[in-house]
Amino acid sequence: MMSEKTCRLWLPRLGELAPAACDTPQSVAEYELKAGCAALGMPAPALVEDADMGEAYAFREGGAGPEIVGGPTGLLYGAYAWLEAAVCGEALPEGTQKPFYGLRMLNCWDDASGDIERGYSGRSLWFEGGRMAWDDGRVRQLARALASVGINVLCVNNVNVRDEAALLIEDYLPDLARLAAAFRPYGVKLMVSIDFARPVAHGLDTADPLDERVQRWWRDCADAVWQAVPDLAGFLVKADSEHRPGPFTYGRSHAEGANMLARAIAPHGGVLVWRAFVYNCQQDWRDAKTDRPMAAYETYAPLDGQFDDNVILQVKNGPFDFQVREPVSPTLYAMPNTRLAMEVQLAQEYTGHQIDLYAMNPMWRELADQLPPETVDAVAAVGNLGRDWNYTGHPFAAVNLFGFGQYAWNPWVDPERVIRRWVRLTYALPGGQEDALTAMLLASRETYERYTAPLGLCWMVRPGLHYGPSPMGYEFDSWGTYNRADRDAVGIDRTSKGTGYAAQYPEEIRAGFEDLERCPERLLLFFHRLPYDYKMPDGRTLIQRIYDDHFQGAEEVDAMARTLEGLDLPQPDRDEALRRMAMQQANAREWRDVINTFFHRMSGVPDAHGRKIYD
Ligand code: GCW
């Protein structure tokens, strides 16, 4: 199972993986520091444990030289931070360092079969053929990478718990316990996704959360699970969403459903993470009144304050579904009395399948600027991992795993700094080349955005696959995903004159989105239906702006390909990156031509610069 190709993630420059005998965070920290400092030719600081510090650490001068003081996991984080600063040539931070979010979670959508839903890096690292099995060295290498950026919870299975034979979690308990043991020395706790209707598969005639037999079933289940894995972080639940069962079947609210489970696991210290991804996926496209982005708020905002303390409501960053550009979900502003987690997606489902480059830190930084980071209690990311030799398919896609950890530790972290750190840790490139790769990754999101769906229009992707253009692909479908382009105009009016979606935001934000002058340009077609000759602030028409962006986006990808060609990347990364870049170039051209042709046919307006648009 182990690949012969060297996987870099971003740590191997520091030294060998700690042996399995290092089975506590403190012993891993000690090993890493010794090996890493030896590799870097510098003396290792001493480790001083202060149990009260938990995940926090600080650097200080002790009597006999530099020291890292921290809690058990804090020492591990401090050791990695020390090594990272040494490799990156950064000054050590002063004062106590602690993570902004207590829960920094990775959600893996791995099925027991070994498939990964929306996985673009090969098969599952720990499931195959309905059983759990893994390569210990690879799992520990991953655990090390996660620890080095402070990710502390890993949900191992898909939120769509759909394998009938498989996700009887009790069948898996011995395996789960062994997997937990592999991650534990790295400060990573496991979590599992559960099926709300599980009691029915076990012979009960209901999964009604208010039925005492159901409550008892879940308590017994939790007892068995926590006996096997005493530090399991909790359960993750997708209910009443995309055909998953949930409390609605029994006429109960999501607070009733979530609290029932939360009470079963509370005695064990578990958290119940309840996803807020609820909408009608069987909408009639003729129905212009129902507006999918409004669904989560409508379901959850009235429940604010009704969830138990150990429930965390996990809300996707945008109101739709990880599209290239969405506004922050209004649900996140609307629940001050509920513990919230914001969910982002590292798997590039709608953003290039880990073929096209799309570095996400700039987006997360924008989120932090729009939604005060303290509004949420936790952050979760859908993983981009798999069994590929480099774990992330594209070797550069690791920047998003790395970047997510750094963002979860400090949501204000500067995206450029994160990307440069990752580049420097991963590759020893000469100065100019390091700048070039950093700049390319930093701009990659905007480039992707230019050649795909324009100005906050969503869902112009190939249905099902979600790679490549299909402007009408979701137009007459049941998913609530429409752009309503016709010969005169495009977009949906989501102001108070339209669907009223904007009114779900706090007043000041609503007013900004509704006002054409103040609405962020990149979200113009998310909030407004506009004619093709609408004048943009710079004087261009909307249609010309769409054409220009698409020509420019595809040109930028060609420029990226030239830059990449000139980088002295190590093998096999170089060949893999070049191979994928050729695919990205083809994809960008396809998007450019399909989108431009589509809008040209709709509007009949020619390109002002006479460039090639197909008829
Ligand atoms: O975007 C959709 C994906 C589904 C996914 C779902 C979700 C896990 O296409 O594959 O299911 O989101 O987030 O639950």
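This is a predicted model: local features need pLDDT of at least 70, side-chain atom pairs count only at pLDDT 80 or more; totals for chains, interfaces and linings use all residues.

Reply: Residues are numbered from 1 along each chain as its sequence is written, and side-chain values use heavy atoms, leaving out hydrogens and water.

Me: What separates the centres of domain 1 and domain 3?
Reply: The domain assignment (automatic or from a database) gives domain 1 as 4-88, domain 2 as 103-426 and domain 3 as 454-492 + 529-603. Taken over C-alpha atoms, the centres of domain 1 and domain 3 are separated by 44 Å.

Me: Which hand does the crossing of α12 and α15 have?
Reply: Helices here are DSSP runs (H or I, at least four residues), numbered from the N terminus. α12 (residues 431-451) and α15 (residues 542-565) have axes, lines fitted to C-alpha atoms over the stretch in contact, that come within 9 Å and cross at roughly 155 degrees on a scale from 0 to 180 degrees between N-to-C directions. Angles over 145 count as roughly antiparallel, so that's what this pair is. A crossing is left-handed if the near helix is turned anticlockwise from the far one by less than a right angle, and right-handed if clockwise; for α12 and α15 the crossing is left-handed.

Me: Which residues of α11 does α10 meet?
Reply: α10 (residues 398-409) and α11 (residues 415-426) pack at about 125 degrees, axes 10 Å apart. Contact means heavy atoms within 4.5 Å. From α10, Ala398, Val399, Phe402, Gly403 and Gln406 meet Val418, Ile419, Arg421, Trp422 and Leu425.

How values were computed: Helices (H or I, at least four residues) and strands (E, at least two) are DSSP runs, numbered from the N terminus. Angles under 35 degrees count as roughly parallel, over 145 as roughly antiparallel, 65 to 115 as roughly perpendicular and the rest as oblique.
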